[in-house]
Amino acid sequence: MWPYPEVRNVADMTRYNARNYPDKPALLFENNVISMSCLDKMTNQFANGLIDAGVKPGDRVVFYGSNSDDFLIALLGAAKASAVFVPLNWRLAVEELQGVLEDATPAMGLVNSELSETWAAVNKLLPFKLQTKFVTPGVPESNPFREWIGKFSDEDPMLECGLDDLAWILYTSGTTGKPKGVEFMHSGIILMRMCEHFEPAYTWDDNDTLLFVAPNFHLLGIGLTIQALFNGGTIAVVKAFSPKLVLEEIQSKKPTILAVAPVMIQMLIEDPAAADSDFSSIREVVYAGSSISLGVIKRALEFMPCRFMQFYGSTESGGAITLLRPEEHDLSNEKRLTSCGKPLPLIDIKVMTPDGVELPDGEAGEMWIRVPSISRGYRNKPKAWSEVYDNGWFKSGDVAYRDEEGFLYIVDRAKDMIVTGGENVYCSEVENCLSLHKAVQRVAIIGVPSERWGEEVKACVVLNEGYSECGDELITYAKERLAGYKCPKSVDFFSALPLGGTGKVLKRELRQPYWDGQERNV
């Protein structure tokens, strides 16, 4: 389906689907079903409610709460009011949330009732007064949000919404500092759908049901949900990820597409209930959000009888940049399984030195990306954007190389790369090695200070059940498979690693105790 020019902005998606699939389920959440025509009317009501509340075109509307059908009503309805939708990370601490809200300066906040205390604490710190509407998802008859929008007309306000108007602001996870507000125009969101439309590996259509389980404040959650809606698909919404809940939803909702982070795949296949679960409805697992260890993807491919597709992207890119297509997930080619694949149509990538010189195949450097869906920039931070955007090219911060067949391999974040004794160590290479050891459940590699080498390699490990601390054994295991300078000099054991919203390890938090008061050169 490519409905251009009928779908030129986010608001047009519900209009198009209501005309073409009026009685088809649009949203499934817990025991509730909303049809395409009903979703169109409810988003009209929400838009008219915003207009009545004084929200003007370009004003920001924030949503603070977990996944729900109300979240998607708000996301799609905000576009009909020409407002800018801003999903908030509901895991943030009060002071972190305060910083985001002061940057976004929203006109209205939609807040899950269960977060009301935190919201009240944040609002006491804000220098402005913020209208708030509370949401109680899953119980339409006693949901103040539904009661509120029910007062307004379900006629479409049909406000003008230009291609260059802002649609969303997504705040980065803040893994390397304070979150930055990434601004998306309607044109960028639609152009990302065009890249996907021209990609043969995307076979989504109006018969599909996507399980929306990734965090709603992250591009993995919001981007793939929009892609499914754009193709006329149904969205089965899961409040938040837990292996038990997801397995139950797979049994009851029978989704055809599962979009998850690698850590979620690992947790699903490790859950005891998975062995008795029926995955036959799922025809494709799309995973993204962080790199995946070789050990996990090999187990997942053996465990789940469906297609797997990896996408690599960044918040700033607006969606997938590269794909490792289903036919490229080959258990007999372990090296290929560690690749992030090749670019989608209309997307260009080059591998560059810090001085801006393009590198040949086989040499590692920073990936620069040219994509039609690129963000407009960082809200209120033009200098930060100028540091990563150069004449149409976005500097990803990811270090990678391209092989002779055109496959790209991410070897590290530029800021995570370890320089020990003048040699570069890419964490992913060491992590992939140790992930294959039978004792290792999860592993993260960091650099820690060293008087002799500047910094040295440390492994942070979570053990599988039944195994005890075995640092010397893991170091020996690495030495048998890697060059000596790449091997961990020490191993620390954890009950769990600090994770971001999509399961990405927060290495800044792991490094902090070792570098307190010292400067890293990377």
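Two strands count as paired when DSSP finds at least two bridges between them. On that basis this predicted model holds an open sheet of nine strands with mixed pairing. The strand order is β2-β1-β10-β9-β11-β12-β13-β14-β15. Strands β2 (32–35) and β15 (342–343) stand at the edges. Each has a single partner strand, so one side of each has no neighbour in the sheet.

**Helices on the sheet**

Helix α3 (residues 69–80) packs on the sheet. Its contacts are with β1 (25–29), β2, β9 (209–212) and β10 (234–237). The direction of α3 makes about 140° with that of β1. Helix α10 (residues 262–270) lies across β11 (257–260), β12 and β13. Helix α10 runs at about 115° to β11.

**Strand β13 and its partners**

Strand β13 (residues 307–314) runs parallel to β12 (residues 284–287), and four bridges join the two. On the other pairing, five bridges join β13 to β14, and these strands run antiparallel. Gln310 in β13 stands opposite Tyr287. Gln310 also stands opposite Leu324 in β14. Six of the eight residues of β13 are buried, so the strand is largely enclosed by the rest of the structure.

β13 and β14 form a hairpin with four residues between them. Gly318, in the turn, has a positive phi of about 85°. Gly319 lies in β14 (residues 319–324). Buried means under 20% relative accessible area; Gly319, at 6% relative accessibility, therefore counts as buried. Leaving out residues up to four places away in sequence, Gly319 touches Met192, Leu219, Phe311, Tyr312, Gly313 and Ser314. Gly319 and Cys195 are 124 residues apart in sequence, yet their C-alpha atoms are 9.5 Å apart.

**Nonpolar cores**

The largest nonpolar core has 125 residues. Phe46, Leu50, Trp168 and Phe308 have the most contacts inside it. Beyond its neighbours within four places in sequence, Phe46 is in contact with Val61, Ile73, Ala74, Gly77, Ala78, Leu110, Phe145, Trp148 and Ile149. Another core, of 22 residues, lies apart from the largest one. Its members include Leu434, Leu463, Cys487 and Val491.

**Aromatic rings**

The count of aromatic pairs comes to 16. One of them, Trp90 with Phe217, is edge-to-face. The ring centres are 6.2 Å apart, with 80° between the planes. Trp90 lies in the loop between β4 (84–87) and α4 (94–104). Phe217 lies in the loop between β9 and α8 (219–230). The pair therefore ties together parts that are 127 residues apart in sequence. Are these two residues buried or partly exposed? Trp90 counts as partly exposed, at 22% relative accessibility. Phe217 counts as buried, at 7%.

**Charges over rings**

Two lysines sit over aromatic rings, as the table shows.

| Lysine | Ring | Distance to ring centre |
|---|---|---|
| Lys335 | Tyr409 | 4.7 Å |
| Lys350 | Trp393 | 4.2 Å |

For Lys335, the charged end sits over the Tyr409 ring. Lys350 lies over the face of Trp393.

Technical notes: Residues numbered from 1 in each chain as written. Predicted model: local features only at pLDDT ≥ 70, side-chain atom pairs only at ≥ 80, totals over all residues. Heavy atoms only, no water. Contact = heavy atoms within 4.5 Å. Axes fitted to C-alpha atoms, helices over the stretch in contact; angles between N-to-C directions. Phe/Tyr/Trp six-rings, centres within 6.5 Å; stacked < 30°, edge-to-face > 60°. Buried < 20%, exposed > 50% of the residue type's maximum accessible area, 1.4 Å probe, protein only. Lys NZ or Arg CZ within 6 Å of the ring centre and 35° of its normal. Core = buried A, V, L, I, M, F, W, Y, C linked by side-chain atoms within 4.5 Å.
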